[in-house]
Amino acid sequence: MAIEMANLVDTRDELNQLTSQLIELGLSDDQNYAIIREVGEGRSEVTFEGDAGLAYVLKNNSYTEIYSEIKKNRDYNVSLPDGGIIQMQYIFQDDEVVKHRLGFFPSPDLSEFQNEPEVYMSDLVYAEIVESKVVTTPFRFDFDLEAFVEGDHPRSHVTIGQYKNCRIPMRSALSPFRFVEFILGSFYNTAFRNYRDQITGMDILNPQTITDVESRRVHFSLECR
């Protein structure tokens, strides 16, 4: 099954466009632009410059250790001003996406901002996180055609936190633009409301891959063409 999505070059270009837009808006503290590299077996990967591999993310480490390793290696597309990290990687075969990993890793320590909220309150980027009740939680949007197991491992799913078997079904694969829009709209809403017209992408909507079994469970949905 192939997913009708932007091709390899389009996806890289959209990632780089989004990165540039976040820089211009002051929403990127550090960044790596997207590149294309061959990964064997006729497959190509859209990833970020300096990608050191993400095996440690899947190991049984604490979130603080995982976050620290990501920051140390600069394993991200964009590091936001509050320390939040955005990772986006896609694998293509025959110019069609077969896998993606889209991750958001908020800083595990927001005490700097929450202890002195008056310092940051005027900055739109920090408007939500200065509230002391905020608890940081990482999540991923994963897509993998080959890992599918009916009722257990959806082709497209959302993982919240570090729960090993948390795979909330997702209706389809997700484009870079839709992922960035979701992150900003959900976790940096004050900034997003002010900048939404300046954050643009191809807005590609992918055909659904969710099964009837999955659709009868709580799931994430996005209107498909």
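Which loop holds Ser 62? Select Ser 62 and you land between α2 (55-58) and α3 (63-73); helices here are DSSP runs of H or I with at least four residues, strands are runs of E with at least two, and both are numbered from the N terminus.

Before you click on, note that this is a predicted model, where local features need pLDDT of at least 70, side-chain atom pairs count only at pLDDT 80 or more, and totals for chains, interfaces and linings use all residues. Residues are numbered from 1 along each chain as its sequence is written, and side-chain values use heavy atoms, with hydrogens and water left out.

**Stop 1: Ser 62**

Ser 62 is partly exposed at 35% relative accessible area (buried is under 20%, exposed over 50%, partly exposed in between, with a 1.4 Å probe and protein chains only).

**Stop 2: Arg 101**

Hop to strand β6 and pick Arg 101. Arg 101 is buried but has no salt bridge, a salt bridge being a side-chain nitrogen of Lys or Arg within 4 Å of a carboxyl oxygen of Asp or Glu. The nearest side chain of opposite charge belongs to Asp 142, 4.8 Å away (Lys and Arg count as positive, Asp and Glu as negative; His and the chain ends are not counted). What does the side chain of Arg 101 join in a polar contact? Show Gln 87: its side chain and that of Arg 101 make a polar contact of 3.0 Å (a pair of N or O atoms within 3.5 Å; within protein, one must be able to donate a hydrogen and the other to accept it, and residues adjacent in sequence count only if both atoms are side-chain atoms).

**Stop 3: Asp 142 and Arg 140**

Stay with Asp 142, which does have a salt bridge, to Arg 140, with the closest N and O atoms 2.8 Å apart. Asp 142 counts as buried at 11% relative accessibility, and so does Arg 140 at 19%.

**Stop 4: helix α6**

Next, select residues 176-187, helix α6. Arg 178 and Glu 181 form a salt bridge there, 3.3 Å from N to O. They sit three residues apart in the helix, so about one helical turn separates them. Arg 178 counts as buried at 19%, while Glu 181 is partly exposed at 25%.

**Stop 5: Arg 12 and Asp 13**

Finish on Asp 13 and Arg 12, whose salt bridge has its closest N and O atoms 3.0 Å apart. Asp 13 is partly exposed at 36%, as is Arg 12 at 26%.
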